[in-house]
Amino acid sequence: MTVTRRTLLGVAAAVACATAIPAFAAKPLTIGFSQVGAESEWRTANTASIKEAAKKAGVILKFADAQQQQQNQVKAIRSFIAQRVDVIAFSPVVETGWETVLREAKNAKIPVILTDRAVKVSDPSLFVSFIGSDFVEEGRRAGRWLLDYDKKIGGKPLNIVELQGTTGAAPALDRKAGFAEVIAANPKLKIIRSQTGDFTRAKGKEVMEAFLKSEGKNINVLYAHNDDMAIGAIQAIEEAGLKPGKDIIVISIDGVKGAFEAMKAGKLNVTVECNPLLGPTLIQTAQAVVAGKPVPKRIVVNEGVFPAEVAAKELPNRKY
């Protein structure tokens, strides 16, 4: 932020020095941000990161919670356009259905930055940058862990149930595709049931209960598209008289503290990290865009894979 100081020179002979006028601050950057909602520990950490980064940078953040509804996000984006914010950023609920509102933003000459999730549009110029994880690779990492696990136990046939994320959401589509791509290398690994748990703990538990009623002890592995659904499913597994992490191997994605606590307790076998701390990168990217500087079209965050063996050691280091 730059500060200017205007000086008035006195015209009266009695005034021997200049009189300083108070400093004028440059107009602060204003960002309109539409969040998916608060469906998980990951999302809560993501929201906190964005709010903290904006406050630290002196950015005015106009925040809107979409409560998992696309129509709420469209309404918020149109409100941001009407308010003439400098930058619009949002984490889209689903991939499709954004053409019209994003074209409205482009016509208003307001740059759009995507965070966490991608969109499918016919014109890539409708957004300037996408900051987030490689969801397909996250699914692949989960699949590779399972391939390695199966080798360690002698290459046994394994029946898998899958808890998908929100229908139509980029992470749900991509995590499913990446996982399926990798396990296809081993015909002994089969997904026998797959259903959305909407990325929530309650829905994860509900769907897992249904899986257990229909498949029972035929289930060897649970693959959940996020930790919250996995934690809900773990409750269902325990209530069915089975041991999660042993009777049913549990694989999930996100890497939140709750997952590390479940791993430490022996109830979850591995979590694939999806870093929610995107706030600083979002703010820096928005500042660069407004300053007319070039920014990458795709910004991928660094992430890892954490099996249960490292959970106790890693848990104190987790920031979300």
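Start by selecting F33: its relative accessibility is 0%, so F33 counts as buried (buried means under 20% relative accessible area, exposed over 50%, partly exposed in between, with a 1.4 Å probe and protein chains only). Before you click on, know that this is a predicted model, where local features need pLDDT of at least 70, side-chain atom pairs count only at pLDDT 80 or more, and totals for chains, interfaces and linings use all residues. Residues are numbered from 1 along each chain as its sequence is written, and side-chain values use heavy atoms, leaving out hydrogens and water.

**Stop 1: aromatic rings**

The structure holds five aromatic pairs. Rings of Phe, Tyr and Trp (its six-membered ring) pair if their centres lie within 6.5 Å; planes under 30 degrees apart count as stacked, over 60 as edge-to-face and the rest as tilted. F33 is in strand β5 (residues 30-35) and F63 in strand β6 (residues 60-65), 30 residues apart. (Helices, H or I with at least four residues, and strands, E with at least two, are DSSP runs numbered from the N terminus.) F63 counts as partly exposed because its relative accessibility is 30%.

Next, pick F179 and Y223, whose ring centres are 3.9 Å apart with planes at 15°, so this pair is stacked too. F179 belongs to helix α5 (residues 170-183) and Y223 to strand β12, so the pair ties together parts 44 residues apart in sequence. Both F179 and Y223 are buried.

**Stop 2: charges over rings**

Go back to F63 and show K51: its charged end sits over the F63 ring, 4.4 Å from the centre. That label needs NZ of Lys or CZ of Arg within 6 Å of the ring centre and within 35 degrees of the ring normal. For another case, select K297, with its charged end over the ring of F127, 4.3 Å from the centre.

**Stop 3: the sheet**

Now show six strands as a cartoon: they form an open sheet with mixed pairing, in the order β11-β10-β12-β13-β14-β16. Its edge strands, β11 (189-196) and β16 (305-307), each pair on one side only. Two strands pair if DSSP finds at least two bridges between them. Zoom in on β12 (residues 221-224) and β13 (residues 249-254), which run parallel and are joined by three bridges. Here L222 stands opposite V250 in β13.

**Stop 4: helix α7**

Finish with residues 227-239, the 13 residues of helix α7. Ten of them are buried, including M229, I231 and I234.

Definitions and conventions. Expected span 1.5 Å × (residues − 1).
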